[in-house]
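Work through the exercises below with the structure open. Each one is followed by a worked solution.

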Amino acid sequence: MVCLCFCALGDIGTVLYFQITQIPWPVMAIMALAMINGLILSIVAETIILIFQNLTLKQAFRTAMGMSFISMISMELAMNITDIVLTGGAIITWWVIPIMLFAGFITPWPYNYWRLKKYNIACH
């Protein structure tokens, strides 16, 4: 959930910035930058949370990076594809945000389920 929240914050925040400032960038460039910012913000947030759980900076960063980068990328792609399909891309409206978040949340589920089963880990 932390990953989704911070990935979404970085992603939606970037798109909203370009929407408000009306900087004339191509839609795909904005979406790519939004994905990068979402990934970076998520990794930073997870690293900070892990530091507060008594991991060193190096351990926290390595753990955050290893917490399934594939899930983060699939989440970002799902959110941005949803935005492109529903609005034409790089446009944030009140009604598209919940749909984007749902798409981002549901997309990595199969992969995450497989990883939990593979390593015999429970998340509760």
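## Exercises on a predicted model

Trp-25 has a relative accessibility of 43%, so Trp-25 counts as partly exposed. The model is a predicted one.

**Exercise 1.** Classify Tyr-17 and Phe-18 as buried, partly exposed or exposed.

Solution. Buried means under 20% relative accessible area, and exposed means over 50%. Tyr-17 has a relative accessible area of 47%, so Tyr-17 is partly exposed. Phe-18 has 8%, so Phe-18 is buried.

**Exercise 2.** Determine the geometry of the aromatic pairs that Phe-18 forms with Tyr-17 and with Trp-25.

Solution. Ring planes over 60 degrees apart count as edge-to-face, under 30 as stacked, and the rest as tilted.
- Step 1: the ring centres of Tyr-17 and Phe-18 lie 5.7 Å apart with planes at 90°, so this pair is edge-to-face.
- Step 2: Phe-18 and Trp-25 are 4.9 Å apart centre to centre, with 40° between the planes, and form a tilted pair.
- Step 3: Tyr-17, Phe-18 and Trp-25 form one aromatic cluster.
- Step 4: the whole structure contains 4 aromatic pairs.

**Exercise 3.** Describe how helix H2 packs against helix H4.

Solution.
- Step 1: H2 covers residues 27–51 and H4 covers residues 69–87; their axes are 10 Å apart, at an angle of about 140°.
- Step 2: the crossing of H2 past H4 is right-handed.
- Step 3: H2 contributes residues including Met-31, Met-35 and Leu-39 to the contact, and H4 contributes residues including Met-72, Ile-73 and Leu-77.
- Step 4: sorted by class, the contact has 11 nonpolar, 3 polar and 3 charged residues.

Methods. Residues are numbered from 1 along each chain as its sequence is written. This is a predicted model: local features need pLDDT of at least 70, side-chain atom pairs count only at pLDDT 80 or more; totals for chains, interfaces and linings use all residues. Side-chain values use heavy atoms; hydrogens and water are left out. Axes are lines fitted to C-alpha atoms, for helices over the stretch in contact, and angles run from 0 to 180 degrees between N-to-C directions. Helices (H or I, at least four residues) and strands (E, at least two) are DSSP runs, numbered from the N terminus. A crossing is left-handed if the near helix is turned anticlockwise from the far one by less than a right angle, and right-handed if clockwise. Contact means heavy atoms within 4.5 Å. Ala, Val, Leu, Ile, Met, Phe, Trp, Tyr, Cys and Pro count as nonpolar, Asp, Glu, Lys and Arg as charged, and the others, Gly among them, as polar. Rings of Phe, Tyr and Trp (its six-membered ring) pair if their centres lie within 6.5 Å; planes under 30 degrees apart count as stacked, over 60 as edge-to-face and the rest as tilted. Buried means under 20% relative accessible area, exposed over 50%, partly exposed in between (1.4 Å probe, protein chains only).
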